Amino acid sequence: AKTLMFVNCSPAGSNAEETLMSLKWASRARQVTNDVKRNADSKEVARLKQVIAWMSKAQSVQEAVAEDRNYEFVKSDPSAS
């Protein structure tokens, strides 16, 4: 990515100090570089992802059991027919 920067400079002598400070600031800003790196998962993040996967699996099993019990209840309930 590229960054575009505008610095306003004035030819008037009364603005010389402000122009000089703006140019110095622009020079310092130009030296800034960004290094793009992919974030590596820490051990804690990896552990939490495992916990989430385990909990999701447990919830799926629990929902399947509840659905199966509900089916058995409806099947054995004489008033359901």
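So, how many residues apart in helix α2 are R47 and E44?

What we have here is a predicted model, where local features need pLDDT of at least 70, side-chain atom pairs count only at pLDDT 80 or more, and totals for chains, interfaces and linings use all residues. Residues are numbered from 1 along each chain as its sequence is written, and side-chain values use heavy atoms, with hydrogens and water left out.

Okay, the overall picture. Of its 81 residues, 2% count as buried. Buried is under 20% relative accessible area, exposed is over 50%, and partly exposed is in between, with a 1.4 Å probe and protein chains only. The accessible surface comes to about 8300 Å², and carbon and sulfur atoms account for 55% of that. Those areas are Shrake-Rupley values with a 1.4 Å probe, and for residues only the protein chains shown count as cover.

Back to my pair. R47 and E44 sit three residues apart in helix α2, residues 43-76, so about one helical turn separates them. Their side chains form a salt bridge, 2.8 Å from N to O. By that I mean a side-chain nitrogen of Lys or Arg within 4 Å of a carboxyl oxygen of Asp or Glu. The structure holds one salt bridge. R47 is partly exposed at 41% relative accessible area, and E44 is partly exposed too, at 42%.

Now over to helix α1, residues 16-30, where we find T19. T19 counts as buried, at 13% relative accessibility. Setting aside neighbours within four places in sequence, T19 is in contact (heavy atoms within 4.5 Å) with C9 and S10. And V7, 12 residues from T19 in sequence, is 8.6 Å from T19, C-alpha to C-alpha.

Technical notes: Helices (H or I, at least four residues) and strands (E, at least two) are DSSP runs, numbered from the N terminus.
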